[in-house]
Amino acid sequence: MTRAVHAGNDVDKETGAIRRPITMANSYELPYDPTDINWSSTDGNLYTRNGGANQAYLQEKLRLLHGTDDCVVLASGVAALSGVFFAFLKSGEHAVVSDSTYIAAYRLMHELLPEKYGVRTTLVDASDLGAVREAIRPDTKLVHIETPANPTLKVSDIAAIAEIAHGVGALLSVDNTFATPYNQRPTDLGADLTVESLTKFINGHGDALGGAVLGSQPLIDRIRAEAMVNLGGAISPFNAWLIMRGSVTLPLRMRQHNESAQKVAEFLKARPEVRFVAYPGLDSDSGHVVAKRQTTGGYGGIMAFGLNADHDAHCRFVSCLRVVTNAVSLGHDESLIVFIGEKDERQHLYPEEFRGGFFRFSVGLEDTADIIADLERALYAARK
Ligand SMILES: *Cc1c(COP(=O)(O)O)cnc(C)c1O
C-alpha cells in the first residue's frame, strides 16, 4: 500500500507542490552541441516518443510494485503485448502461446505474426503442464501465457512453466492484467517478462488506455527501443498521469474487488439458473489449488458464468441489470458485463461448459449487496 501511495511521486522542485506536475510537452531542450546525440536514444529526455517525465514516474512506481529491475509504459496493453512479440520473435522462430488469452494476443500470435512474418506458433492449454511440455521445441524462443486467463479464467502454474521454458532457453512472458501486482508478481515466480494492461485495474477508473512490460533492464531496453521509439507505441503524458493517480488506490480497490467477487461467485454458484461459474477463488474451481499457491492477495475481480437458458435469455438478463453496466473492458470502478455468444470464433478453444455462450463479469466497487441484488433481480426477470 505504501509504495502505491508514494512511489514515483516527489516534491516538485520548481513550485514546491507535493505532487509532481503533468508535463504535456513533446520536446525537451537540447544541449549547446547536440551533434553527438543518438536520435533513437531513450536515456534522458529528448522527445516524448523516446520517454518523458510522466512516463518515468509511472515506470518507477510499477517497477517497485512488481519488484523488477525495469519497466516500460506504452500506449495500451496491446502495445505492450506487441512490443514483447516483436522484440523477441524473428521470422521462422517458434513460440508457444496459451490458447486462452486476450483477443489481440490471439490475433497477433495466431494470425498476424505467422502470416506476415513466418513466426511459428503453437497454441496450447497452458493450464495443462503436460501439454506445455509437449508443445515446447528445442527452438522455442518465447512462451506467452495469461493467468488468470481472459475470458476463461483458467489458471496456469507460472513457476512450472518458467522451468519448462528456461529448459530450452526460451523466455516466459506472463500477461498479469487480471491479477495486478497486488494479487500476483510473475517475476517472483520465475517469469522473464510481465505484461500489464494499465487500462484495467491499475488505472481502475475506465478513463485512460495504457500498458506496461516489466523485467530485467536488457529485455526492457529492447522493447523501449523497438516498440516505443520505432514502432511508436508511446503513451500520452496525460494518460500516464491519470494512471499514476488511479494506481494510488490499487491495493484498496483490489482488496474490495477480491472480496466482492468471491461473494458474487459463491452467490451465482448456488443459483439453479446458473449453468457454471469459473472463478479461481471457488474451492471447486479447476484452477483453485494453483491460484492459491501463486496469489499474494486474492483471486481477482473477474469471473465467467453462463445460464441454463437460451441465447435470448442471456441477452435479456443483461438488459435487466441496473447496477451492472453492459460494456466491454474490466477492472473499472463500476461493474461491467459482456455476453460472449455461441458464435465466438474461439468457441472450440474454450472448455465444454463455455460453449453455450457465457458472460465475462468484472465485479466493481459498488456495495456487494447491491451487485448481488441486481443479479438476483435480473435472474428472476430473465425467466420471462
Ligand atoms: C484488456 C486486456 C489487454 C489489452 O489491453 P488494452 O489496454 O485494451 O490494449 C491485454 N490483456 C488482457 C488480459 C486484457 O484484459
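**Basis.** I worked from a predicted model, in which local features need pLDDT of at least 70 and side-chain atom pairs count only at pLDDT 80 or more, while totals for chains, interfaces and linings use all residues. Residues are numbered from 1 along each chain as its sequence is written, and side-chain values use heavy atoms, with hydrogens and water left out.

**Sheet.** I looked up an open sheet of five strands and found the order S8-S9-S12-S11-S10, with mixed pairing. S8 and S10 stand at the edges with a single partner strand each, so one side of each has no neighbour in the sheet. I took helices (H or I, at least four residues) and strands (E, at least two) as DSSP runs, numbered from the N terminus; two strands pair if DSSP finds at least two bridges between them. S8 and S9 pair in the antiparallel sense over four bridges. Ala278 has Ala304 in S9 as its bridge partner. Helix H10 (residues 250–269) packs on the sheet and touches S8, S9 and S12, where contact means heavy atoms within 4.5 Å.

**Helix H12.** I checked which residues are buried (under 20% relative accessible area; exposed is over 50%, partly exposed in between; 1.4 Å probe, protein chains only). In H12, Ala313, His314, Phe317 and Val318 are buried. They lie on the same side of H12, because they cover an arc of only 140° around the axis; the arc is that of the directions from the helix axis to the C-beta atoms. Their cover includes S10, strand S11 (336–340) and helix H13 (368–381).

**Val323.** I placed Val323 in the loop between helix H12 (311–319) and strand S10 (325–326). Its relative accessible area is 29%, so Val323 is partly exposed. Leaving out residues up to four places away in sequence, Val323 touches Glu366, Asp370 and Asp374.

**Lys200.** I found Lys200 in the loop between strand S6 (193–197) and strand S7 (211–215). Lys200 is buried yet has no salt bridge, and the nearest side chain of opposite charge, Asp175, is 7.6 Å away. Lys and Arg count as positive and Asp and Glu as negative; His and the chain ends are not counted.

**Salt bridges.** Glu352 and Arg355 form one of them (3.6 Å, N to O). Glu352 is exposed at 60% relative accessible area, whereas Arg355 is partly exposed at 34%. Salt bridges with shared partners join Arg271, Glu273, Glu376 and Arg383 into one network.

Notes: Salt bridge = Lys/Arg side-chain N within 4 Å of Asp/Glu carboxyl O. Axes fitted to C-alpha atoms, helices over the stretch in contact; angles between N-to-C directions.
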